[in-house]
Amino acid sequence: KSCVHTENCFVPTSEIIAVEETEHNKKQRNIGKWQKMGKPYAFTVYYVKRARNHRWRCSDVTFWCVDEHLCNQWIQALKEILEMQKSRPKQLLVYINPYGGKRQGKRIYEQKVAPLFSLASISTDVVITEHANHAKDNLFEVNINKYDGVVCVGGDGMFSEVMHGLIGRMQKDSGIDQNNPKAPLVQCNIRIGIIPAGSTDCICYSTVGISDPVTSALHIIVGDCQPLDVSAVHHNNTFLKYSVSLLGYGFYGDILKDSEKKRWMGPIRYDYSGFKTFLSHHYYEGTISFQPAKHALGSPRDKDSCRTGCYICKKSEQQLTEQHKERGLKHEEDEEEWKVIKGKFLAINAVNMSCACPRSPKGLSPAAHLADGSADLILVRKCSRFDFLRYLVRHTNHDDQFDFSFVDVYRVKSFQFTSKLSEDNESNVTDIGKKRFGHFCRDHPACCCNIANSTWNCDGETLDSSAVEVRVHCQLMKLFARGIEENCKDEAASSQSSDEQLL
C-alpha cells in the first residue's frame with residue numbers, strides 16, 4: 001500500500017470517522033504511477049485532523065493497491081475496528097432551534113453537521129422546535145431508550161432546555177422528587193451534544209475549547225464523553241432551575257434583567273446593559289452561607305486548569321463517593337460545618353466551569369473544574385467604580401482576577417443566600433440555625449433608582465426568587481466532549497490510550 005500524501009499519516013483508530021471503498025474515476029488526479037500498473041483499487045479513510053485553537057476538521061487519505069482482495073480485506077478490517085468503538089452513537093435525537101442567535105441553526109445543521117453524521121452512518125430523528133420549552137416537553141414523551149444521545153443545535157438557552165428535559169425525565173422515571181433539595185438525583189447516562197448556533201455558546205466553549213459546529217459534530221461522532229457537574233437551585237423546598245455555568249446575583253443578574261427588555265437590539269443589548277449596569281453601581285447587602293467542598297482537590301487560585309482526562313476531577317469524584325459511603329448522603333448536610341458571610345456585594349457569582357468565552361478566554365474562574373462536584377463561589381464586595389472596573393478588565397487578560405482585597409473566592413458544594421427583603425417575605429428558607437439579615441444599599445442617595453433586590457442570572461435566564469438554596473450534583477450529566485485538550489495542534493491524540501495505529 002502507499003499513502004497518496006507525501007508524508008506518513010498516523011491516525012488513532014478511535015479518531016477514524018469512516019472508511020469507504022473509493023471508485024476509480026473519483027480519484028483520477030491522485031493515481032499517478034498506479035495508472036501504469038493496470039486497474040488500481042482504493043479505499044479512503046476519513047479521520048479527525050486538528051487545526052489551531054482546538055478546531056477539528058474532517059480530513060481524508062486514500063490508499064491504493066492493485067490487489068482487489070487485499071483492498072477489501074483492509075476495508076473490512078477497518079470497519080470491524082470501528083464497530084468495536086462501543087462509545088460511538090448510532091442513533092441520535094436532534095433538536096434544532098431555528099430562532100436562536102442569528103437564526104442560522106437549521107442551515108448550520110443541514111450544511112455542516114448532517115453530512116458528517118451521514119458519513120459516519122449515524123441515524124437521526126430531527127425535531128425543529130416551534131416554541132419555548134418544545135424540546136423540554138418532548139423529552140418527557142419520546143422513547144428515550146432508543147437513542148444513544150441527544151443533540152441540541154442552538155445556544156446556551158437551547159442546551160439548558162434540553163438539559164432540563166433530560167434530567168427531569170430521568171428523575172420522573174426513577175420516582176425522584178426534584179422539589180426536595182436534599183434528594184440524591186439519578187445520573188443521566190444519555191449524553192448531550194451541543195452544536196453551537198446561538199448568540200452565546202459559553203458551555204460549548206468551556207467544554208470543547210471553541211464554538212465551532214464541525215468540531216462539535218466530530219466530537220459527537222467519535223463518541224467522546226465528558227461528565228459535567230450540575231447545580232440544583234431551590235427556594236422554600238421548590239425546585240427552580242438547574243445550572244451548569246453561571247449563577248450570578250447583583251451585577252450579572254442586573255445586566256440580564258435589563259437586557260431582557262431590549263431583545264429588539266439583538267446581541268448588542270448585552271454590551272448596552274452591561275455599560276448601563278456598571279454606571280449604576282448598585283450593591284446589595286445580604287448573607288451568604290456555604291459548605292466548603294472539602295472533598296475537592298485544589299483551589300480556585302491554584303492555576304490548575306481543567307483539561308482532558310482531568311486528574312483533579314477524577315480524584316475529587318472518588319473522594320466524594322467515599323464520603324457518601326462513610327456518612328450516608330442524608331446525614332452529610334447536617335454534619336458538615338457551614339461558613340456564614342455577611343456583607344455588601346456588587347456581585348455574587350457561582351460557577352461550575354470556567355465560563356470562558358472569546359471575550360474572556362480565561363472566564364470568571366480560570367481554575368474551575370467541570371466534574372469535581374464543586375462550584376467556585378466568587379464574592380465581589382462593595383468597592384469604588386474604578387476598582388470594580390479593574391476587576392472586570394482582568395477577565396480579559398492573564399492577571400490574577402482574584403488578587404483584590406474586595407474579592408473572595410471559595411470552592412463549595414452547596415450555598416444559600418438571603419437578603420432582608422427575601423427574609424421578610426420568604427421566611428421559610430432553610431436557616432441552618434444562623435440568623436440571616438440584609439438590606440438594599442446604594443452608593444448615591446441622589447439616584448432615583450429604587451431597586452429593592454437584584455435578580456439571579458441562571459445560565460442566562462432570570463430566577464423569580466432572590467433567596468436561593470443551591471447544591472452541586474457531581475457528574476449528574478454527560479456531554480459529547482472531552483474537555484479542553486492541552487495542545488490540540490501538536491498532539492495527535494493527547495487523551496487517547498495507545499490505540500492501534502493506521503499508517
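Me: Between which two elements is the loop that holds K303?

Reply: Elements come from DSSP runs numbered from the N terminus: helices are H or I, at least four residues, and strands are E, at least two. K303 sits in the loop between β13 (283-292) and α10 (311-327). This is a predicted model; local features need pLDDT of at least 70, side-chain atom pairs count only at pLDDT 80 or more, and totals for chains, interfaces and linings use all residues. Residues are numbered from 1 along each chain as its sequence is written, and side-chain values use heavy atoms, with hydrogens and water left out.

Me: Is K303 buried or exposed?

Reply: K303 has 63%, so it counts as exposed. Its backbone deserves a look too. K303 is not a glycine, yet its phi is positive, about 65°.

Me: What is the phi of N237, and where is N237?

Reply: N237, also a residue other than glycine, has a positive phi near 60°. It belongs to the loop between β10 and β11 (238-243). A glycine case follows α7: just after that helix, G223 has a positive phi of about 80°.

Me: How many residues of α7 are buried?

Reply: Count them along the helix. In α7, 9 of the 9 residues are buried, so the helix is largely enclosed by the rest of the structure. The buried set runs from P213 and V214 through T215, S216, A217, L218, H219 and I220 to I221. Helix α8 (residues 251-260) is mostly covered, with 8 of its 10 residues buried. Among the buried residues of α8 are F251, Y252, D254 and D258.

Me: Which residues does C225 contact beyond its sequence neighbours?

Reply: Contact means heavy atoms within 4.5 Å. Setting aside neighbours within four places in sequence, C225 contacts R191, K478, L479 and A481. C225 lies in the loop between α7 (213-221) and β10 (226-235). Its relative accessibility is 40%, so C225 is partly exposed.

Me: Is Q171 buried or exposed?

Reply: Q171 has 0% relative accessibility, so it counts as buried. It is part of helix α5. Beyond neighbours within four places, Q171 contacts I176, Q178, L185, V186 and Y242.

Me: Which residues of the largest nonpolar core touch the most other members?

Reply: In soluble globular proteins, nonpolar side chains tend to be buried together. A nonpolar core is a set of buried Ala, Val, Leu, Ile, Met, Phe, Trp, Tyr and Cys residues joined through side-chain atoms within 4.5 Å. The largest core has 67 residues, and Y95, F159 and M477 touch the most other members. Helix α5 (residues 156-174) contributes most to this core, with 7 residues. Another core lies apart from it; that one has 27 residues, including F117, A197, V214 and I220. As for Y95, residues up to four places away are not counted; its contacts include V127, L139, V142, C152, M158 and V162.

Me: At what angle do α9 and α12 cross?

Reply: Axes are lines fitted to C-alpha atoms, for helices over the stretch in contact; angles run from 0 to 180 degrees between N-to-C directions. Helix α9 (residues 269-280) and helix α12 (residues 385-393) have axes that come within 10 Å and cross at roughly 145°. F278, L279 and S280 make the contact from α9, and R385, F388, L389 and L392 make it from α12.

How values were computed
Buried < 20%, exposed > 50% of the residue type's maximum accessible area, 1.4 Å probe, protein only.
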